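Hi,

Here is the structure I promised to pass on to you.

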Amino acid sequence: MNHDRSHELFTRANQLLPGGVNSPVRAFKSVGGEPFFAQRAEGAYLHDVDGNRYIDYVGSWGPMIAGHAHPKVLEAVERTMRSGLSFGVPNPLEVDMAEAITSIVPSCEMVRMVNSGTEATLSAIRLARGATGRSRIVKFEGCYHGHGDSFLVKAGSGVMTLGLPNSPGVPSSLADLTLTLPYNDFEAATKLFEEAGDDIAGVIIEPIVGNANCILPREGYLQHLRELCTRHGALLIFDEVMTGFRVALGGAQQRYGITPDLSTFGKIIGGGMPVGAFGGRRDLMSQVAPAGPIYQAGTLSGNPVAMAAGLATLELVREPGFHERLDTATHQLCDGLEAAAREAGVPFHTTRAPGMFGLYFREGPVETFEDAKASDGARFGRFFHAMLERGVYLAPSAFEAGFVSSAHGEAEIAATVEAARGAFAACAG
Ligand code: PMP
């Protein structure tokens with residue numbers, strides 16, 4: 001595979017952008033080598049500037065659940081942009097989007113649109129602190145909630161990949177207000193609440209952890225957190241930036257039957273445009289400015305073109321059977337990969353939720369962050385490159401979930417499993 005143009009671009013980029021990229025995991029740091037530069041994308045495929053084609057399991061890190069460049073999404077964007085790119089006054093699509101989110105996710109009685117997942121989570125904890133009058137927040141080891149100061153404490157995703165879970169530049173006086181818990185540990189949560197429950201404004205969690213590979217909640221764990229929060233007057237915040245509209249139409253809260261007080265969203269609701277949102281109970285959301293005193297704002301929030309892309313994507317995921325088909329495809333892929341690993345004699349395990357999956361170079365089960373970290377990262381790196389050579393693009397980090405879209409059909413999955421046979425054999429030793 002030729003990568004001359006990508007190499008040329010990366011050389012230029014390295015002089016101009018820190019690490020040659022605008023977001024760390026894109027740089028291939030943990031898997032080695034250099035990233036490829038995209039020329040275009042369509043359906044399940046990414047095409048690079050050197051003319052190579054890849055079956056894409058990153059999907060722009062989650063938004064492209066209906067596949068790249070879906071004609072209905074492009075049509076909505078083209079139609080909307082002809083009327084202007086941004087108005088700075090309310091536009092009708094913001095109301096349509098708020099109606100769509102609140103009707104799909106009943107715990108969200110009101111929402112506020114923002115421009116990224118990071119903005120959504122940092123606004124949600126400001127609201128939690130403002131509404132409760134408390135300062136401390138609780139997060140879970142290996143969970144990533146964007147790059148807000150309060151969240152860069154034992155975080156997952158790129159900070160984990162690069163070994164920087166506590167970032168320089170975050171004042172310790174702020175980081176000290178973030179308490180951390182091991183995900184899926186019932187007793188640790190109970191104990192923390194016994195000790196500090198009355199100081200805790202909110203507990204923020206990825207209900208399925210997609211930023212430490214992919215770890216599913218133990219039976220009853222999310223319910224346990226719900227009960228602790230209720231008992232101690234803390235708010236339960238589900239960060240559904242990744243899981244929202246994916247693992248079920250109504251997200252992880254629908255899949256597991258839990259009602260959080262606040263939720264955060266991103267990725268899919270923008271359909272590939274920069275969008276995030278936070279929402280929740282009316283009495284809480286009514287405290288956000290200008291309805292209430294807790295400040296939050298954005299020049300481009302509710303941008304019409306972004307709303308159009310998100311609304312068109314939501315329409316696609318609302319089609320009957322969408323998530324069942326996504327689930328079937330995810331199982332086909334993971335079953336196929338596990339069988340291919342067995343044939344090659346490579347210790348390997350997958351975790352799955354509809355439309356997202358984790359790959360582990362170790363035997364299962366994987367239920368905790370410690371389990372996830374025990375995966376063989378060096379072997380993952382070799383597998384990643386062997387797959388890339390065979391035209392399959394996986395997340396370039398052992399700590400990121402993979403994504404399946406509705407454009408991944410039987411042909412793409414069969415081709416991926418075939419590539420994996422060769423890739424497992426190549427990294428068996
Ligand atoms: N929360 C979760 C669960 C995420 O996965 C991410 C990004 N991967 C974020 C928040 C931050 O979103 P953004 O990158 O749009 O700021």
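Before the notes, one term: a residue counts as buried if 20 or more other C-beta atoms lie within 10 Å of its own, as exposed if 12 or fewer do, and as partly exposed in between, with C-beta atoms placed from the backbone. Please keep in mind that this is a predicted model, in which local features need pLDDT of at least 70 and side-chain atom pairs count only at pLDDT 80 or more, while totals for chains, interfaces and linings use all residues. Residues are numbered from 1 along each chain as its sequence is written.

Let me start with helix 8. (Helices, H or I with at least four residues, and strands, E with at least two, are DSSP runs numbered from the N terminus.) The face of helix 8 turned away from its buried side carries two exposed residues, Thr230 and Arg231. Buried in this helix are Tyr221, Leu222, Leu225, Leu228 and Cys229. Seen down the helix axis, these buried residues fall within an arc of 120°, so they line one face of helix 8; the arc is that of the directions from the axis to the C-beta atoms.

What covers the buried residues of helix 8? Helix 7 (186-196), strand 7 (200-205), strand 8 (235-239) and helix 9 (251-256) are among the elements that do. Contact here means that the C-beta atoms of two residues, placed from the backbone, lie within 7 Å. After helix 8 comes Gly233, with a positive phi near 70°.

In the loop between strand 7 and helix 8 you will find Glu206. Glu206 is buried, because 28 other C-beta atoms lie within 10 Å. Leaving out residues up to four places away in sequence, Glu206 touches Cys143, Asn211, Asp239 and Met242.

Val49 sits in another loop, the one between strand 2 (45-48) and strand 3 (53-56). Val49 has 16 other C-beta atoms within 10 Å, so it is partly exposed. Val49 and Gln39 are 10 residues apart in sequence, and their C-alpha atoms are 4.9 Å apart in space.

Now to the overall layout. The protein chain is divided into domain 1 (4-69 + 320-426) and domain 2 (71-317), with bounds that come from an automatic or database domain assignment. Their C-alpha centres lie 25 Å apart. The contact between them takes 32 residues from domain 1 and 35 residues from domain 2. On the domain 1 side, helix 12 (322-344), strand 11 (349-353), strand 12 (356-360) and helix 13 (369-373) each supply at least two residues. Strand 12 gives the most to that side, with four residues.

Of the 17 residues around the ligand, Ser116, Gly117, Thr118, Gly146 and Val241 come nearest; a residue is near if its C-beta atom, placed from the backbone, lies within 6 Å of the molecule. Helix 4 (residues 117-132) provides the largest share of this shell, three residues.

Finally, the buried residues of helix 15 (residues 410-426) include Ile413, Ala420 and Phe424. The buried residues of helix 15 pack against strand 3, helix 12, helix 14 (377-389) and strand 13 (392-393).

Conventions. Expected span 1.5 Å × (residues − 1).
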